[in-house]
Amino acid sequence: MVFLRSFSVLVISEEADKLYNIFDSIGITLRKSTGTKNVKSANFSLYDIAFLDIDAEGWEKRLMELKQYMPVVAFGKPEIKKAVESMKLGAIDFLQKPLKNEAVLEIFQKFQEKPEVEIPGLIGISKIMKDVYCNIRKAALTDSNVLITGESGTGKELVARAIHNLSERKENPFIVINCTAIPDSLLESELFGFEKGAFTGANYTKKGLIEWANQGTVFFDEIGDVSPLFQTKILRVIQEGEFIKIGGPHSIKVDVRFIAATNKDLIKACKEGSFREDLFYRLNVIHLELPPLRSRKEDIPFLVEFFIKKHSSKRKDIHIRGITEEALDTLMNYSFPGNVRELENIIERAIAFTNSTEITVKDLPTYLLKTSNPKKTLHGNLREAVENFEKELIWSALQKSRGNISKAAELLGIHRQQLQRKLKQFKIAT
Ligand SMILES: Nc1ncnc2c1ncn2[C@@H]1O[C@H](COP(=O)(O)OP(=O)(O)OP(=O)(O)O)[C@@H](O)[C@H]1O
Ligand SMILES: [Mg+2]
């Protein structure tokens, strides 16, 4: 049996040496390991799997803590009651002492087939995503505010929802506030609401979004793009947990957890003076950075399979089962400036266009065929090559601007009308 990768193993036992000997004899490479009992939980996300000796005192508490971060294999004297108890508490397996080489090997084989640290709704098996999953679990265990950063389309909103759904607040509301969609003039009434009679036309009492979120989570999306007024208004509620309704007699207390997301560099914005430092520190208690898709290409096949399943029912005439190797190869060679959202759009579009039960290269957008393999573009004439390059730039700008033509034109440094002409010329639909 050849192991595809080495493991970071956490062994918590007085008899750790015996396990290390077994790892050695069954050919497992340890990237990181430790046999002490006093590993700090802050370092738990560094490990792939834990082996916990349940003959030691306090193993139950240890197991509950460890399983939040990684799969835990319990081992101990052959006592059925304790073995069952450990599985009930969340161990993925129980091994009897004295430990046997084959039993340990089997654990690693199973573990390699199926990543155990998963988050419902999030696809990806790369090491970098597993670290993200660990951090999501950690964040869900606390009530601290979270700042999620990452390029457009990397899954920031999905991660915010996952944190909420895994937290103790999961039964309560998750309120998304699309910060850029609220003009300053409506800010207070949207966020905090108003009392009846507060101003002309206020003939009823309105609850604001923050009050609706009581006991739940507020997700401030695109926090890096908000006005100074917005920043000032939310700072107080984040700091004090209270706000005043327009026309209200006194402040109202709320119990809300805040998660914010942005694709902007907030540290830079703080230095430039466009983002309040005090607000940044209030939000950035836990920081989660989502990796771009191009840095975790091994996740692409899993995401493709997931999106095919998600969208295939939209075709009533044929049942799309998968993707050809050649088409998958093309996707693996592309840089995805629009990240997971772009991949999802490509698959959804391919499902709409394909004539076969498998997505083929022909069903992928042409700009992708031309740009994914650099050798191919070298064969065309100069005009063709320039056009391909232009197409890729335009597509990337459109992804970043989420289809907003004026914004894309600004990114490209050309006029809106010029971009519209190019879109027509290249037959790019927006
Ligand atoms: N790891 C993932 N697994 C499955 N689907 C994902 C994953 N990451 C992102 N997606 C999907 O990709 C799309 C974009 O994700 P999301 O809206 O969370 O990104 P975002 O980072 O908030 O983007 P933006 O900055 O543009 O708002 C969604 O349809 C989401 O479901
Ligand atoms: Mg988003």
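A disulfide is defined here as a pair of cysteine sulfur atoms within 2.5 Å. The structure is a predicted model, in which local features need pLDDT of at least 70, side-chain atom pairs count only at pLDDT 80 or more, and totals for chains, interfaces and linings use all residues. Residues are numbered from 1 along each chain as its sequence is written, chains are lettered from A and ligands numbered from 1 in the order in which they are written, and side-chain values use heavy atoms, with hydrogens and water left out.

The disulfide count is zero. The sulfur of Cys179 finds its closest cysteine sulfur in Cys270, at 15 Å, which is too far for a bond. Seen from Cys270, the closest cysteine sulfur is that of Cys179, again 15 Å away. Cys179 is buried, with a relative accessibility of 3%. Cys270 also counts as buried, at 11%. Buried denotes under 20% relative accessible area, exposed over 50%, and partly exposed the range in between (1.4 Å probe, protein chains only).

Aromatic contacts were examined next. A pair of aromatic rings is described by the distance of the centres and the angle of the planes. Rings of Phe, Tyr and Trp (its six-membered ring) pair if their centres lie within 6.5 Å; planes under 30 degrees apart are stacked, over 60 edge-to-face, and the rest tilted. The count comes to 14 aromatic pairs. In one of them, the ring centres of Phe23 and Phe108 are 5.6 Å apart and the planes stand at 90°, so the pair is edge-to-face. Phe23 belongs to helix 1 (residues 16-25) and Phe108 to helix 4 (residues 101-113), so this pair ties together parts 85 residues apart in sequence. Helices are DSSP runs (H or I, at least four residues), numbered from the N terminus. Phe23 is buried at 1% relative accessible area, and Phe108 is buried at 0%. Both rings belong to one aromatic cluster, formed by Tyr20, Phe23, Phe51 and Phe108.

A charge also sits over a ring. Lys207 lies over the face of Trp212, 4.3 Å from the ring centre. The criterion is NZ of Lys or CZ of Arg within 6 Å of the ring centre and within 35 degrees of the ring normal.

Ligand 1 is surrounded by 18 residues, each with a heavy atom within 4 Å of the ligand. The closest are Ser152, Lys156, Arg341, Glu344 and Arg402. A side-chain N or O atom of Arg341 lies 2.8 Å from an oxygen atom of ligand 1. Backbone N or O atoms of Glu157 and Leu158 each lie 3.1 Å from a ligand oxygen atom. Taken alone, ligand 1 exposes 640 Å², of which the protein buries 89%.

How values were computed. Helices (H or I, at least four residues) and strands (E, at least two) are DSSP runs, numbered from the N terminus. A polar contact is a pair of N or O atoms within 3.5 Å; within protein, one must be able to donate a hydrogen and the other to accept it, and residues adjacent in sequence count only if both atoms are side-chain atoms. Accessible areas come from the Shrake-Rupley method with a 1.4 Å probe; for residues, only the protein chains shown count as cover.
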